[in-house]
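Subject: Structure for your review

Dear colleague,

I would be grateful if you could read the two side by side.

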Amino acid sequence: MLRPLLAAIAMGIAAAHPLHAAAPSTRAYVDAYEYFTTDAQFEAWYSIRAALEDGFDDICGDTFCEGDWSNITPLRLRCSVQLGSGRIGRCVWSFAASNEEIDARSGAITVDTQAWRCVLPVAPRTTIAELLAALAGDDPLYTPLPRTTLSVYDALSYCL
């Protein structure tokens, strides 16, 4: 009597959860590039990244690029975006630098390297569309991020 009951329960579970059913997606966040769907979004992102890099290059020598790390170089700005809502999980701008010393006797070169991961102060619930719109102006380095008083420059000041 117990065996038929167990068989019925097992069949009910199998029917409710078929083996061929697709597993739910575990990719809640993707890179902004994967989220964008229009040419306008891609172009805005590329323009913002280029303007941020130009702005950084303009101020580097007078601010962040003094001392041992005189050649700080921006590597990549990446933002994670929630697939369903377009909300930003986090934005990080990475940088690297090096310092080289030449041994006068042997000609050997010693290289020290440094890398930074600068987290942008993106407010909770900010969407990638809001970020693109906010930073679309002439000087995105100093533009306050949506729903904050902080800019990308402020984030770099804390980081570099």
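**Salt bridges**

Arg78 forms a salt bridge with Asp31, and the closest N and O atoms of the two are 2.7 Å apart; a salt bridge here is a side-chain nitrogen of Lys or Arg within 4 Å of a carboxyl oxygen of Asp or Glu. The pair links distant parts of the chain, since Arg78 lies in strand S2 (residues 73-82) and Asp31 in strand S1 (residues 29-31), 47 residues apart. Please bear in mind that this is a predicted model, in which local features need pLDDT of at least 70 and side-chain atom pairs count only at pLDDT 80 or more, whereas totals for chains, interfaces and linings use all residues. Residues are numbered from 1 along each chain as its sequence is written, and side-chain values use heavy atoms, with hydrogens and water left out.

Asp31 is buried, with a relative accessible area of 10%, while Arg78, at 42%, counts as partly exposed; buried means under 20% relative accessible area, exposed over 50%, and partly exposed in between, with a 1.4 Å probe and protein chains only.

A search of the whole structure finds two salt bridges, and the other joins Glu130 to Arg147, with the closest N and O atoms 3.2 Å apart. Glu130 sits in helix H4 (residues 128-134) and Arg147 in the loop between H4 and H5, 17 residues apart. At 30% relative accessibility Glu130 counts as partly exposed, and Arg147, at 53%, counts as exposed.

**Helix H5**

Which residues of helix H5 are buried? In this helix (residues 152-159) they are Val152, Ala155 and Leu156. Seen down the axis of H5, these buried residues fall within an arc of 100°, so they line one face of the helix; the arc is that of the directions from the helix axis to the C-beta atoms. They pack against helix H3 (39-60), strand S3 (88-102) and strand S4 (109-119), where contact means heavy atoms within 4.5 Å.

**The protein overall**

The protein has five helices and four strands, which run α-β-α-α-β-β-β-α-α from the N terminus on; helices (H or I, at least four residues) and strands (E, at least two) are DSSP runs, numbered from the N terminus. Of its 160 residues, 29% count as buried. Among contacts between residues at least 6 apart in sequence, 56% join residues at least 24 apart.
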